[in-house]
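Please look at the sequence and the model below, then read on.

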Amino acid sequence: MIEFRGVNKWFGALHVLKDITLSVEPREVVVVCGPSGSGKSTLIRCVNGLESTRDGVLVVDGHRVGDPTTDMTELRAEIGFVFQSFNLYPHKTALENVTLAPIHVRKIARSAAEEAGRELLARVGLADKFNAYPSELSGGQQQRVAIARCLCMRPKIMLFDEPTSALDPEMISEVLDVMVSVAEEGMTMMVVTHEMGFARRVAQRVVFMDAGAIVESGTPEEFFSNPRTDRSRAFLGKILRH
Amino acid sequence: MIWQQFQSLIGSYPLALRGLGMTVALSLISLVLGTLIGFALGILRTGGNQLISRVIGAWVDLIRGTPFLVQIFLIFFILPELGIELDAFTAGIIALSNLAACFICEIVAAGIRAVPTGQVEAALASGLSRWQRMRQVVLPQAMRMSLPPLVGQYVLLIKDSSVVSAIGLTDLTRVGWLVVQRVPNGLLVFAIVGIGYFVVCYPLILLARRLESRMGAAHGEVQL
């Protein structure tokens with residue numbers, strides 16, 4: 001579904017992705033973790049072309065990302081992206097946020113899109129917030145709207161870029177619960193997160209990155225109980241201590 | 001004495017109305033044209049094309065950096081020498097629309113730049129096309145920020161329209177000049193001219209103030 005083959009990326013002189021080779025199968029949930037600045041956000045932002053790569057091959061859903069013949073707008077419609085800072089449209093209600101792309105990109109009739117949108121908002125526990133503006137919602141509620149906004153496009157892949165990092169602690173679990181239910185429905189997911197409970201529960205694989213490279217990759221059990229490198233041991237020591 | 005002057009002033013009210021009409025017509029047409037062109041320029045200015053952006057930027061700087069009177073003279077007196085004949089009204093409209101477009105371009109561009117990148121990324125990630133991103137996500141948010149200065153700019157435009165009297169258009173200011181030749185009381189005549197402009201501008205000033213306080217509202221689209 002997603003395949004990196006020897007992908008490199010530089011920000012000026014900074015080598016942010018080093019020779020990344022990684023493949024994500026359909027219905028697989030991959031958690032990407034690592035210290036800040038390790039390139040994990042950049043990695044998933046490459047998947048839908050929010051960042052460009054310099055060399056190597058990146059194939060998503062059978063299309064080469066960055067290739068001039070690939071219609072990135074079309075490809076992006078198949079990929080949901082959940083941001084750390086939610087990025088809901090502040091001038092639109094929750095329901096309008098959710099239905100915007102289905103109506104304009106998928107060309108679904110407004111009434112049908114609104115019905116699907118209401119259903120999804122109800123599913124993420126926001127049945128009473130259809131007409132609320134983002135500024136009237138808590139962080140956790142906003143992030144759940146953002147997830148519903150992606151789901152309403154019926155994407156083939158969902159990418160999550162630290163979806164709970166900007167949330168107050170008491171709101172993290174309401175967002176994680178939604179993510180777990182999406183994973184359990186068989187969505188192909190790449191999730192950048194430090195929520196190791198989430199990784200243990202639904203991930204098939206944990207990828208550990210440091211300084212732009214994939215250092216280690218394995219099942220959650222392997223990774224948490226028996227990290228193979230000093231760097232992953234040091235990292236786990238820091239995030240699991242409290 | 002004053003009373004006599006006042007009476008002869010009242011006698012020239014058809015002329016004053018014509019002048020007011022001319023001022024309003026000039027302002028209104030230029031306001032609409034300038035807004036349309038200004039929006040298009042502002043969107044192009046922030047678009048991806050560096051060359052287009054630079055050319056627009058240079059033109060805007062040139063217009064903002066030269067006196068409006070000089071611009072009108074160039075259009076009205078110099079263009080005919082290049083074979084482009086314009087009547088005074090057309091020349092006035094062109095000069096005013098161009099001036100308005102340049103200021104509005106900068107206002108719109110500033111509004112577009114102030115929309116957070118995350119908004120564009122969210123729109124991009126959901127598969128919206130370039131125009132859809134602009135129309136659905138960027139412009140509505142840019143408008144919220146641009147509207148108060150935009151209305152403020154309209155007030156300036158109406159006042160700037162007085163400069164067209166220099167090329168012989170009988171607008172409110174020129175009516176003042178004509179009347180003062182018959183009624184030798186400059187203070188009285190131009191006070192009335194000033195009131196004429198104020199009556200047109202004041203509602204806009206109030207509107208701008210209202211929009212500005214609306215900006216403080218946390219959400220929703222600006223509704224006129």
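Which residues lie on one side of strand β6 (residues 79–82) of chain A, which lie on the other, and are they buried or exposed? The model is predicted. In it, A:Ile79 and A:Phe81 are on one side of β6(A), while A:Gly80 and A:Val82 are on the other.

Within β7(A), A:Leu159 is the bridge partner of A:Phe81.

The rest of the report concerns the contact between the two chains. On the chain B side 20 residues take part, and on the chain A side 25 residues. Some counts for this pair of chains are set out here.

| Item between chain B and chain A | Value |
|---|---|
| Buried area | about 1900 Å² |
| Salt bridge | one |
| Residue pairs in polar contact | seven residue pairs |

Of the buried area, 58% is on carbon and sulfur atoms. The salt bridge joins the side chains of A:Arg45 and B:Glu121, at 2.6 Å from N to O. Two helices of chain B, α6 (117–125) and α7 (130–160), each supply at least two residues of the side that touches chain A. The most come from α6(B), with seven residues. Sorted by class, the side of chain B that touches chain A consists of eight nonpolar, 10 polar and two charged residues.

Definitions and conventions:
Residues are numbered from 1 along each chain as its sequence is written. Chains are lettered from A and ligands numbered from 1 in the order in which they are written. This is a predicted model: local features need pLDDT of at least 70, side-chain atom pairs count only at pLDDT 80 or more; totals for chains, interfaces and linings use all residues. Side-chain values use heavy atoms; hydrogens and water are left out. Contact means heavy atoms within 4.5 Å. Buried area is the accessible area (1.4 Å probe) that two parts lose on being put together, summed over both. A salt bridge is a side-chain nitrogen of Lys or Arg within 4 Å of a carboxyl oxygen of Asp or Glu. A polar contact is a pair of N or O atoms within 3.5 Å; within protein, one must be able to donate a hydrogen and the other to accept it, and residues adjacent in sequence count only if both atoms are side-chain atoms. Helices (H or I, at least four residues) and strands (E, at least two) are DSSP runs, numbered from the N terminus. Ala, Val, Leu, Ile, Met, Phe, Trp, Tyr, Cys and Pro count as nonpolar, Asp, Glu, Lys and Arg as charged, and the others, Gly among them, as polar. Buried means under 20% relative accessible area, exposed over 50%, partly exposed in between (1.4 Å probe, protein chains only). Two strands pair if DSSP finds at least two bridges between them.
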